[in-house]
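User: Please take me through this model, and tell me what stands behind each label that you use.

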Amino acid sequence: QSLDEIVEAAKKEGMLTTIALPHDWCGWEGILAGFKAKYPEITINELNPDAGSADEIEAIRANKGNTGPQAPDVIDVGLAFGPSSTSEGLLLPYKVSTFDGIEVKDADGHWYGGYYGVLAFEVNTDIVKDVPQDWSDLLKPEYANSVALAGDPRAANQAILSVYAAGLSAAGGNASKASEAGLDFFKQLNEKGNFVPVIGKASSLAQGTTPIIVRWDYNALADRDTLDGNPPVEVVVPKSGVLAGVYAQAISAYAPHPNAAKLWLEYIYSDEGQLGFLKGYCHPARFNQLVSEGKVPQDVLDKLPPAEAYTRAVFPTLEEQDANKNAVTGGWDSVVGANVQ
Amino acid sequence: MQEPFLSIQHVRKSFGATTVVQDFNLDVEAGEFVSFLGPSGCGKTTVLRMVAGFEEPSGGRILIGGKDVTGLKPNQRNIGMVFQAYALFPNLTVAQNIGFGLKVAGVAKAEIDSRVAEMLDIIKLPAGEFGARYPYQLSGGQQQRIALARALAPRPKVLLLDEPLSALDAKVRVSLREEIRSIQKKLGITTIFVTHDQEEALSISDRIVVMYGGMAEQVGTAFEIYNRPATRFVAGFVGTLNVLEGKLGNAGKVQVGNGEIVLREEPAGVKSGDAVSLALRPEAIALGRRPGDDAVLGGEIADVQFLGSVIRVRVRAGDSTVSLDTFNNPATPPPQIGDHVEISFSSGDVMLLN
Amino acid sequence: MQEPFLSIQHVRKSFGATTVVQDFNLDVEAGEFVSFLGPSGCGKTTVLRMVAGFEEPSGGRILIGGKDVTGLKPNQRNIGMVFQAYALFPNLTVAQNIGFGLKVAGVAKAEIDSRVAEMLDIIKLPAGEFGARYPYQLSGGQQQRIALARALAPRPKVLLLDEPLSALDAKVRVSLREEIRSIQKKLGITTIFVTHDQEEALSISDRIVVMYGGMAEQVGTAFEIYNRPATRFVAGFVGTLNVLEGKLGNAGKVQVGNGEIVLREEPAGVKSGDAVSLALRPEAIALGRRPGDDAVLGGEIADVQFLGSVIRVRVRAGDSTVSLDTFNNPATPPPQIGDHVEISFSSGDVMLLN
Amino acid sequence: MSQSIAAPAAETVRPRMSFAWLGVAPFLLFALLFLVLPTMQIIVGSFRNAAGDFTLDNIVNLFQPSIMAAYWISIRISVASALLGCLVGFLMAWAMVLGGLPGWLRSPLLTFSGVASNFAGIPLAFAFLATFGRLGLVTLILRDWFGINIYAMGFNILSFGGLTLTYLFFQIPLTILIMTPALDGMRREWREAASILGASPFQYWRMVALPILWPSLLGTFALLFANAFGAVATAYALTGSSLSIVPILLFAQIRGDVLQDPHLGYALAFGMIVITGIANFIYIWLRARSERWMK
Amino acid sequence: MKINRFWSWLFFGVGALYFVLPLVSTAEFSLKMRRSAYTLDAYWTVLADPRFQQTFTYSVLMALATIAFGVLLVVPTAYWVRLKLPRWRPVLEFITLLPLIIPPIVIVFGYIRLYNTSSWLPLTGSAMGTNLLLMFGYVILSLPYMYRAIDTGLRAIDVATLTEAAQSLGAGWVTILARVILPNVAVAVLSGAFITFAIVIGEFVMAALLNRPSFGPYMQLLGANRAYEPAALAVIAFAITWGCMALIQFVSKFAPKAPGVQH
Ligand SMILES: Nc1ncnc2c1ncn2[C@@H]1O[C@H](COP(=O)(O)OP(=O)(O)OP(=O)(O)O)[C@@H](O)[C@H]1O
Ligand SMILES: Nc1ncnc2c1ncn2[C@@H]1O[C@H](COP(=O)(O)OP(=O)(O)OP(=O)(O)O)[C@@H](O)[C@H]1O
Ligand SMILES: NCCCCNCCCN
Ligand SMILES: [Mg+2]
Ligand SMILES: [Mg+2]
């Protein structure tokens, strides 16, 4: 199947159903707009942009028999969800034409990493004068009722990895103990009354509900831009436990519009699509390739988070991620038990 | 008697196991005004609703102008109906209400307008002032007149009225009943009027059907019904009746309390020594000895009610208390309770109840 | 006249800028039954509610048993009240309703029970059957009797009734008014009874207050009010009145249509040649020439209404139509419309309106 | 429509087949398809496992502590907000109908209640965050003007109390809407009759007014309870889906895969129906007891 | 009386404060997008967002469809029950109460299982079908209010007698429904309609779970990603719902009154 044939077939399908693509996330807004501009014949049906990775997988499962507009064609999930759903047979293998330039990937093309960033603290400095610099700082009494995750640790990749990152820091970098230490860290955070069991977001940051949010640096930076100094936001990459998170793209095995899905991936991994991620403060899969080919404009490069943080970043293996996912989703309720009282 | 215009033949109606109308027969002549009079629940409304087509008879048939309408739907019968609670359409003006039946029938606008004006004229409400009003802007009496006009506007063959006046207060009731009667006469429309108010029925009907327990007890003019009741029920239901209990002696003599009444005719079916009930209307009894009266009883005034033109006096005579009516007379104040009096009547006015 | 038991003195009531009761004065003797009669909106209810304490008078005072109660709250006045719409407490049984006033007064249970039984006895409802029922299980007439019992149970000094019968139908209304009157007499309780039904007021009151526009037009017995109305309003409002328009000649002669009536007394304040209105009650007029009558007019029967004991005949005489009442007589059918007749009356019965 | 053309000439009373029920058939069909069947589907599903066989495991699984805790907090919030909603709403409705407030207030208040009782949960959550949140207007006014730091005193909009406070925004208006007709039905004559029979206002309320209003109050409570129990959006928007109350668990279950078991989701839903059902059953039972005097 | 009035004002005042403060706070917050001054920036951002326009339009159309379908379903049913099947009233009351007892989330959960593309009625198979399903869901959600409003409206008029009056004047069923019944319950229909409008405009759960682009999920989404715009959106949502309700008041002033109904 040539790219032209795919384009043709995709136009015939006329629709692409995406899921969990927040517009403020990693430049998705621009990428969606770019795709629409390039293929106006294809309407994009965006499902729940606020979903977590687990939600995306469930959306595939739930729509096995359903070819309606509820069934996603493509997903964007935390790396850990890639292998597990591959083995569950939920993904359709496909290799984009730029496949070779992608570093993290499934050999058969069931999924491949699209972009990454590191976990950071997003801080409202109107409320928090003394900005925390490392995970252990978060336990200080001055941050009572202040710290939130950016997702539900039982369902969202980002929150699951946040637990891992905290654990990595607490365990002094020992990956095998990270999950357990992470759960323990949040247990303490909760017991001290510092943890706010609410999904942190720009509004809760601004309104003071969650003055400190643990989230991807690119999200935090985008927030800082939208809030535009009201309130002032500081984004801090912790001293230890710097965790890099990769999100992977994949096609649903039950995609109602498989060709549009292929075309979508082609677009994302094209130069244009990859540069779109960069504009959203995150590092695309083909970052190194693009840089070496000199395709990244300097002003975009300048805006990226300081490269220094990325040198300390830890990329957990797939196995580590998978184990961590199971430990956190399974243990959160019983170990941390954070809840609204 | 000419061919009846409306004929109700052997009509019956049961709701489930209970029969509420049984073998009801009535012929109404064209232009006649017939009232159904009877106590609550006797079936008046049910008969009327069968004529209108709202209820289907369980048996029998109904003819209008010689045509069997028993199976027709209400909207095919060309009957006008006036309801107790007016049932004006609240969303329509007076003029639209009156014109409703014509509009539904597809009559042209100009024709409707002129007929509405004519109807408003008949019920004596100036079209200019009232045509554009809504029902809530009218008094009860005015609403009922509009309801009448609405029913009459499509020139129905028969007009049915189900207690149209009972929601109105006394003064309005009297004037509106006279108005209805005069409009009915003017248009010559065959009319059935349901009421449980005997004065109403007596005062405006050509004939009255007195109903009881789903049956017609008597059919006749007001004068006949009142003065020659066919059954004990009719006698008691229509008007006030004094009942004197007595014992029949011989030669038509009846012992009542300490007095004696001699009947004009010897009663049939009872023999000397039997207990008999004598009935007498209050207006047939006079206070004191009236010249020409042949029966006199002594008694004591038990109660005096000043009712306006009439004063109703109750006299205790022996075991019975009789009511009698006398006209108010400004010159002589009414008798006082406790006064000893004589009362008299003519034995010809006495009815024997059995 | 003995010391009045209830005394309403110079009482006024304004709602905002409108005065609805002005300088109202009334003395009621202990045990007396006084009715307030008047058209809708004349202030009857307002006066009653001031006596009850629901409204505060804008001026004047109210004394009961010689004690000024003007400033007291309703629950301190020891007054019984019966409302038009019964106002029974729907959540309480008949017995609990009747016992309510006793219970809030802290009367012992046994005492309450016996008083409730006694009240049920007075209103002739068997305690066994009715005591445990809820108001919705009673007919309107029964509800109103319970309301009366409830008002009387705490042995109030004064009983107020605001159109207690107007929601009931004609037959029940008549029997219940007699029952109320007889209970009132038995208990000897001072009573004010509000009604706009003149027959009701006339038939049961010791005295009647005819009200109009917030004022008492006349206070007197039924006989006085009916036969000697103090004002034109009273004359017209109470009973039916024939008004003959005529021109005063000399020596008290009045030209009416083609006849002439000679007044007993020469009227004051009008002079020969003035237009005058003569008023005459229907029962004062006889069909034909009645012996002793000194005024005779000729006319034609315009309408005959059979009302039961009375037949109301309308006769067109000249420009006027007069109504006259005759008693039904089984032996002689009523006159027919169109008959030419003479009518007569006594000039002593004629009232001159001014 | 059941009119037959043939005249009933025959004298037999022949009970004719009535087709009047056909008039409600479309409605019943609609309710069946889009209300009853979907619900039945859930109920049945909660007694099945993934293979479609009958099982009680799903129900048993509801009794795990975290789910029990979710039910328990849901019930507590619902009861608290229903009780307070009834109380405050009743007082406001009373003030409006019988309390002598100027008549023109009635119409705006009822209009407002109509809006507020059905107002979307999401903006409501935003509004309460803006009011009682950590930097909420009221929080700041209390702190800066009156020196009262409610957060230091333990208040939190994301707590049981805060959620209840937020729910009241639709519970109170709902009470006003339901109680107003009931209070309108309180006839002035009852109060007057009680008063002239010597009762104090307190006695009138205890012996007459409250017993009469009791069924309406009970009904309102049951409705408010169910209303709060099923509310998702407000809590979801307030806490961003991490709050463990039943509707949010269920929401997550449908949308995501938190519990890894759709049949447990069915059971969760079934549990909700059972609880609101019980609440309504209690209501119907109490109402029947307190309504002997009603037709 | 005087004491009464004091308490009345107190209850009313406290209540009013409780209701007004969140509105004021939200409005105040929505103006704070710029640190230096109150501005309407948040509003401009929202109004300029094409998704606001799309989702809002979608929800308005959805609300209108829901109202139309609801009225057509409920008016004849409620009328018929009052007229011919009074014994069915408790049944209807029960059914129309169910949506208040069964949480919407449960109902939509059932929809997804019952009407997916592999079922006998694959409503979720197409966008149009899903729209229809969502609209049906909204009809169910609004049923308690719609039915009660209309039933109350019908109670205020004497349905049986008006029907008979119209029949005796020659009218058939359609004429009766269209010219006599509907106009006389117009105010009730309208109040039911506006409550429906309020429900549909902000509804979140059903739309989110059926994945339709409606206003509720949009508000939620914006709330998840922005700080000041959600407040602006809340104010806009309040204002729109309020505007609708004010409209009922206004329109009902001109509606015909039933005789004997005074104000
Ligand atoms: N649809 C019905 N189903 C069962 N019984 C009925 C029905 N309609 C009337 N009845 C019964 O039939 C009897 C006669 O009723 P109908 O309404 O004809 O009486 P009515 O003479 O008009 O009384 P009223 O003076 O009270 O209007 C009553 O006992 C009534 O209860
Ligand atoms: N609370 C009030 N505020 C203003 N006006 C009132 C009030 N109560 C009564 N009125 C007015 O006072 C006048 C007298 O009213 P009232 O109720 O005493 O009349 P009524 O004689 O009892 O009439 P009805 O026979 O209709 O009962 C009426 O014009 C009425 O509108
Ligand atoms: N598409 C991958 C990320 C999933 C997004 N979750 C969003 C949660 C934001 N609060
Ligand atoms: Mg009847
Ligand atoms: Mg009055």
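## The disulfide in chain A

User: What is the handedness of the link of Cys26(A) and Cys282(A)?

Analyst: The link of Cys26(A) and Cys282(A) is right-handed, with 75° about the S-S bond. Before we go on, residues are numbered from 1 along each chain as its sequence is written, while chains are lettered from A and ligands numbered from 1 in the order in which they are written. The model is predicted, so local features need pLDDT of at least 70, side-chain atom pairs count only at pLDDT 80 or more, and totals for chains, interfaces and linings use all residues; side-chain values use heavy atoms, with hydrogens and water left out.

User: Why is the pair Cys26(A) and Cys282(A) called a disulfide?

Analyst: The S to S distance between Cys26(A) and Cys282(A) is 1.8 Å, and a disulfide is a pair of cysteine sulfur atoms within 2.5 Å, so the pair qualifies. Over all chains, the structure holds 1 disulfide. The pair links distant parts of the chain, 256 residues apart. Cys26(A) sits in the loop between strand 1 (15–19) and helix 2 (28–38) of chain A, and Cys282(A) in the loop between helix 10 (271–279) and strand 10 (283–284). Helices here are DSSP runs of H or I with at least four residues, and strands are runs of E with at least two, numbered from the N terminus.

## Buried residues

User: Why does Cys42(B) count as buried?

Analyst: Cys42(B) has 2% relative accessibility, and buried means under 20% relative accessible area (exposed is over 50%, partly exposed in between; 1.4 Å probe, protein chains only), so Cys42(B) is buried. Cys86(D) passes as well, because its relative accessible area is 8%. Both Cys26(A) and Cys282(A) are buried too.

User: What makes helix 7 of chain E mostly covered?

Analyst: In helix 7 (residues 159–168) of chain E, 9 of the 10 residues are buried. Among them are Val159(E), Leu162(E), Glu164(E) and Gln167(E). After helix 7 of chain E comes Gly170(E), with a positive phi near 100°.

## The two ligands

User: Which residues are around ligand 1?

Analyst: They include Phe15(B), Pro39(B), Gly43(B), Lys44(B), Glu163(B) and His196(B). A residue counts as near a molecule if one of its heavy atoms lies within 4 Å of it. Helix 1 (residues 44–52) of chain B gives the most to this shell, with 3 residues.

User: Why do Thr45(B) and ligand 1 make a polar contact?

Analyst: A polar side-chain atom of Thr45(B) lies 2.5 Å from an oxygen atom of ligand 1. A polar contact is a pair of N or O atoms within 3.5 Å (within protein, one must be able to donate a hydrogen and the other to accept it, and residues adjacent in sequence count only if both atoms are side-chain atoms), so this pair qualifies. The side chain of Thr46(B) also has an N or O atom 2.5 Å from an oxygen of ligand 1, and for Lys44(B) the distance is 2.8 Å. Ligand 1 taken alone exposes 640 Å², of which the protein buries 58%; such areas come from the Shrake-Rupley method with a 1.4 Å probe, and for residues only the protein chains shown count as cover.

User: What polar contacts does ligand 2 have?

Analyst: Oxygen atoms of ligand 2 lie 2.8 Å from a side-chain N or O atom of Lys44(C), 3.2 Å from one of Glu163(C), and 3.2 Å from a polar backbone atom of Cys42(C). The protein covers 57% of the 640 Å² that ligand 2 has on its own. Helix 1 (residues 44–52) of chain C brings the largest share of the shell, 3 residues.

## Chains D and E

User: Which pattern does chain D follow?

Analyst: Chain D reads α-α-α-α-α-α-α-α-α-α-α-α along the sequence, with 12 helices and 0 strands. Of its 295 residues, 57% count as buried.

User: Where does UniProt place the feature "transmembrane region" in chain D?

Analyst: The unreviewed UniProt entry places it at spans including 154–183 and 203–226 of chain D. In the model, residues 203–226 of chain D are 100% helix, with end C-alpha atoms 33 Å apart, while residues 154–183 are 80% helix. For chain E, an unreviewed UniProt entry lists spans including 56–79, and in the model that span is 100% helix with its ends 34 Å apart. UniProt positions follow the numbering used here, feature names are shortened, and annotations may be inferred rather than shown by experiment.
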